[in-house]
Amino acid sequence: MIQIQDCSKKFDDICAVDHVSMDVCEGEVFGLVGSNGAGKSTMLRMISGILKPDTGQILVDGENVYENPGIKETLFYVSDDAWFPASYTPDNLADFLKCYYSTFDPQRFSTLMKQFQLDEKRKISTFSKGMKKQLLTILGVSAGTKYLFCDETFDGLDPVMRQAVKSLFAAEIMRRNFTPVIASHNLRELEDICDHVGLLHKGGILLSRQLEDMKFHIHKIQCVLTDREKEQELEQELEVIKLQRQGSLLMITARGTKKEILEKIRRRNPLFCEVIPLTLEEIFISETEVAGYEIQNIFF
Amino acid sequence: MRSRIFSFKTLKAASKNQLWIPCLLALGFFMAFPMAELVMFDEWKVDGYTVRQIGLLYENLWKDGLLFTGCFVTIFAAAVNGIHGFLYLYSSRKTDFYHSLPVKRSEMFWQKTWTGIVYTEVPYVVMAFAALCVGAFRGYFSMKILGLAAVMLAVHLLVYLLNYFAVVLAVVLTGKYLTGVMVLGIFFLYAPALGMVIREYRSIFYDTFWRATDYGLLKLLSDYLSPALLGGRFAVNCWQEEGLRLLAAVLCAAGIFGVLSYMLYRNRASESAGCSIISVKAAKLFKFMVSVPCGLGIGVIFRSLPNTGDHRKIWWGFGLILGTVFSHGVIEVLYQGEFRKFLSKKLELAAVGILVLFCSLWYQLGLGKFDSYIPDRDQLKALNIGTEGIFRGSYAPFIRKISDGEYEVTSGWYNEEQNLIFPEEEMNEEFYGILSDIVSEQDKYSDGISSDSVWMGKFPVKYTLSSGRVIYREYFYNTQDIYNLLRCGYQEGALKERKYSFLCLGDDCLGDTVSWESFDDRTVTIISNQKSKYRELMEALRQDIEEASAEELLEQPIGSLDMDFHIAMKEDVSRLVPPGRKAEASTTICVDVFPAFERTISFIKDMGDGENLDSVSMKSVEISYIGSGYYDGGYYEQQQAEPDVFDRPEQIAALRDALVPYYLERPWLEYEGRVMVNCIMENGAEFSCILRKDRIPDFLEELIQEKAKVSDAPEGSMNEVIE
């Protein structure tokens, strides 16, 4: 289990991560989502033991991760903008990592390389961006670590490869004790794979919940009420995140279970009422809007 | 977990595609060891040395030559390994890669250090072994050579570690290429460059600064505070007397650099990649360290642009301001990586400016009392006086008999043995008093332009303090000063023994010829291949010198002898000569012949020469007067166009007493500097003379007072400018 306790990180005057606390449980796929500059990569680099938090601590299986090789051997960091030693081939890199990760499985590496149709003897510098991402993911999986931290892993992968990586993660979870933590903008991809989502915004954590639980507690409703008074009453009664009006049609995004929300609407005898399922992307937009990330200010 | 530092598996994995480093170093060590050895063997063979001599030379090659050549490659290896191992810290991508690995920073530091050592030492050992094989193949191998090779390896390893840690510290301290190069430059070149600036300022503003020998701070800066120079000096001098001191310095410096680089690396934040210098305090310190000497240095360059003194201060001031602003601005641009930041730190610039001003005033106003410094009498252990300038034409090297037929010759005045007029046990109050008077009068000479004081030259002094510290100075002297100093040296000190140390030379050292320097600067050979006569002359000289008093040795010499010697030197490896030739040094020693040297003068006359001015028939004496003065900050001399001619017998007789051949001018006697004298003999030959001041006839004294006035020289009429 990874425990992030009141962690902060500043780069000069910029606060990249601001007093964040959250837990990553074993055996679940953790999605770390957030706006640009929210601190996702910084958070991952701190969890990987690359950066030292200015305040707070990060415990992996109860031990501080920074400068702790024993713990670092249980995790593997797949960078968004990875560097590979000059003139190295995937084979060379695997040999190199074998020296540091006692759990590295060369057989598995070789098998996966074949499955992903990557040449082990070709220089990495000649690989495309997507191929490098695939290679890193394969290396991460082959390292046999308990935790795998992926920064924007799906970025640059074609749809087939995305599915392949997702199925690889699923297979690994089935095979062994494996906890991938994936930071991404691609909420649709995360939606398919994540069990738990941590939402970062401007260095702080907005929410950290099970995806199902998150979807269970936020809903979007379309309804038509008979008069304005009822509309105002409903707005006050519900925990409204977002309210839009198109003619007489009200579109409300509100916190609460589906049952609670529908009950409150039906009490006001609506002419029409429908619950629309929220995507992770919509939840993200709604939550960040509440936190002051006004989408209207971005789109013109 | 098992340490991976020395693991061959890790080394092998980390060395993938890195083999160019050991290959490059192998090439360097090949040239430094086997190739250098082969070249030397060929050279010795061509020179015709015997097997025994080549054995000695070969041993010395391992002791000295290969240490020197290997040192270059070792320092290069340290730089390559240091940069290659830690340059990843400049890139955040590379830093993420390495720092995400499950390995402690401390472990990674030593792993990289170990990898570097392996990259260097493997080719080193292979090439050193090849060099040993080359020697052994030619029949030169012994356990001593093997021992020397082992010592060489240890010395080079120390030099390597010193420079490696210095390079690593520079890399670890910075996060950008430009600032990395700057800090590397500071570590390796700053101290010698600062030494140059201080040396320049001292030589400009301190009249008593002795430029030829570095000591104290300047020695520290030039020899000890640059890792490369310290390493090189240690490699070259490890077998010398100062070897142990240098070893201590190398160990100390390597330790400091090692600990600092290790601590900084361990605590360096990964996000420091891309920042100029990781420590703000260090950055500020570096900025001051660089911009202050740069400002002062550029000031000196501008000061040297004009020819005359008056404008120099203006140019100096301009150079100081320009240099300070420019150097501070450039450093700020390098530090911040933006041209617009040239004048961004005005407060820091002002602080640098104040420091530059303070340093300039320190030198300009002589606030350090440099020129008036003389160590306390009770602190003084020994005094060396540089007499090369004082004795001018009659200077002789110091010769010491080592054993029968073997001598040691040294000619540097600062040598401990030579001219050590007053070693500790002989230190004399009178001598110290005379020297103190000379030191206290330095101000009046340095005032220069407005002063009437006439100085004859400068002599260097080496003070050796009881603490072991040495201090050098160079003092102006006048005739009376130097007379007193030498009289005291002859009477109370060891000056006579040292100046005439050639008397210890045996008959086997006598050369072929002895010449008498004629009054008109002609050289007349009085002995040629006559050993018995030469022996007679040596005996006469020995007796005359032994009996001569201090005052007699400070009279006007009547001539000088050039004596040819072949001195058999002690055979050592630096003086080996091939068979058929003798290990000897040929030297000519010039000996003043004073009126008190009766036996010598008689001998010279017996040899049918020794003509002096008294015996010459002169037709006339022509005297030109030299007017002098100061104009526009410079000193000018103006010679009278038409000389006065004195041809009456009574005039010539009166003048003859004062005339001295110009080559016999000695600084402890006073001569008239305001005249130029040309003597014309009956046969029409001419020669130049000078006049003894105390013997100038009255009629000439009046003429000199009248015609050689000190005045401001009118523009366009001066024929010489003396700065």
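This is a predicted model: local features need pLDDT of at least 70, side-chain atom pairs count only at pLDDT 80 or more; totals for chains, interfaces and linings use all residues.
**Entry 1: chain B overall**

I began with the element count for chain B, which comes to 22 helices and 16 strands. The chain has 723 residues, and I found 36% of them buried. I then checked how far along the sequence the contacts reach. Taking contacts in chain B between residues at least 6 apart in sequence, 75% join residues at least 24 apart.

I also looked up the domain assignment for chain B. Domain 1 is made of two stretches, 8–174 + 211–272. Domain 2 covers 377–501, domain 3 covers 505–606, and domain 4 covers 613–722.

**Entry 2: the cores**

Next I went looking for the largest nonpolar core, which has 89 residues. Val159(B), Leu162(B), Phe165(B) and Ala170(B) have the most contacts inside it. Helix 6 of chain B, residues 143–173, gives the most to this core, with 19 residues.

I picked Leu162(B) and listed its partners, leaving aside neighbours within four places in sequence. Leu162(B) touches Pro227(B), Leu230(B) and Gly231(B), and also Val250(B), Ala253(B), Ala254(B) and Phe257(B).

There is a second, separate core of 71 residues, and I noted Phe431(B), Tyr463(B), Phe502(B) and Tyr671(B) among its members.

**Entry 3: helix 9 of chain B**

Pro227(B), Leu230(B) and Gly231(B) had turned up as partners of Leu162(B), and I followed them into helix 9 of chain B, where they are listed as buried. Why do I call helix 9 of chain B largely enclosed by the rest of the structure? Of its 11 residues (227–237), 8 are buried, so the rest of the structure largely encloses this helix.

What do the buried residues of helix 9 of chain B pack against? I get helix 3 (51–86), helix 6, helix 7 (177–205), helix 8 (216–224) and helix 10 (243–267) of chain B.

**Entry 4: domain 2 against domain 3**

Here I counted 18 residues of domain 2 of chain B in contact with 18 residues of domain 3 of chain B. On the domain 2 side, strand 2 (398–403), strand 3 (406–410) and helix 17 (479–492) of chain B each give two or more residues. Helix 17 of chain B has the largest share of that side, 5 residues. By class I get 11 nonpolar, 4 polar and 3 charged residues on the domain 2 side.

**Entry 5: chain B against chain A**

For the chain contact, 22 residues of chain B meet 25 residues of chain A. The elements of chain B giving two or more residues are helix 1 (8–14) and helix 4 (92–99). Helix 4 of chain B gives the largest share, 5 residues. The chain B side has 7 nonpolar, 6 polar and 9 charged residues.

**Entry 6: a sheet in chain A**

Last, I traced an open, antiparallel sheet of 4 strands in chain A, in the order 12-13-11-14. Strand 12 (239–246) and strand 14 (272–276) of chain A are the edges, each pairing on one side only. Ignoring direction, neighbouring strands of this sheet are turned by 20° against each other on average.

I zoomed in on strand 11 (218–224) of chain A, which is joined to strand 14 of chain A by 5 bridges. Val224(A) stands opposite Phe272(A) of strand 14. Helix 10 (258–266) of chain A lies across strands 11, 13 and 14 of chain A, at about 20° to strand 11.

Notes. Residues are numbered from 1 along each chain as its sequence is written. Chains are lettered from A and ligands numbered from 1 in the order in which they are written. Two strands pair if DSSP finds at least two bridges between them. Axes are lines fitted to C-alpha atoms, for helices over the stretch in contact, and angles run from 0 to 180 degrees between N-to-C directions. Two residues are in contact if their C-beta atoms, placed from the backbone, lie within 7 Å. Domain bounds come from an automatic or database domain assignment. Ala, Val, Leu, Ile, Met, Phe, Trp, Tyr, Cys and Pro count as nonpolar, Asp, Glu, Lys and Arg as charged, and the others, Gly among them, as polar. A residue is buried if 20 or more other C-beta atoms lie within 10 Å of its own, exposed if 12 or fewer, and partly exposed in between; C-beta atoms are placed from the backbone. A nonpolar core is a set of buried Ala, Val, Leu, Ile, Met, Phe, Trp, Tyr and Cys residues joined through C-beta atoms within 7 Å.
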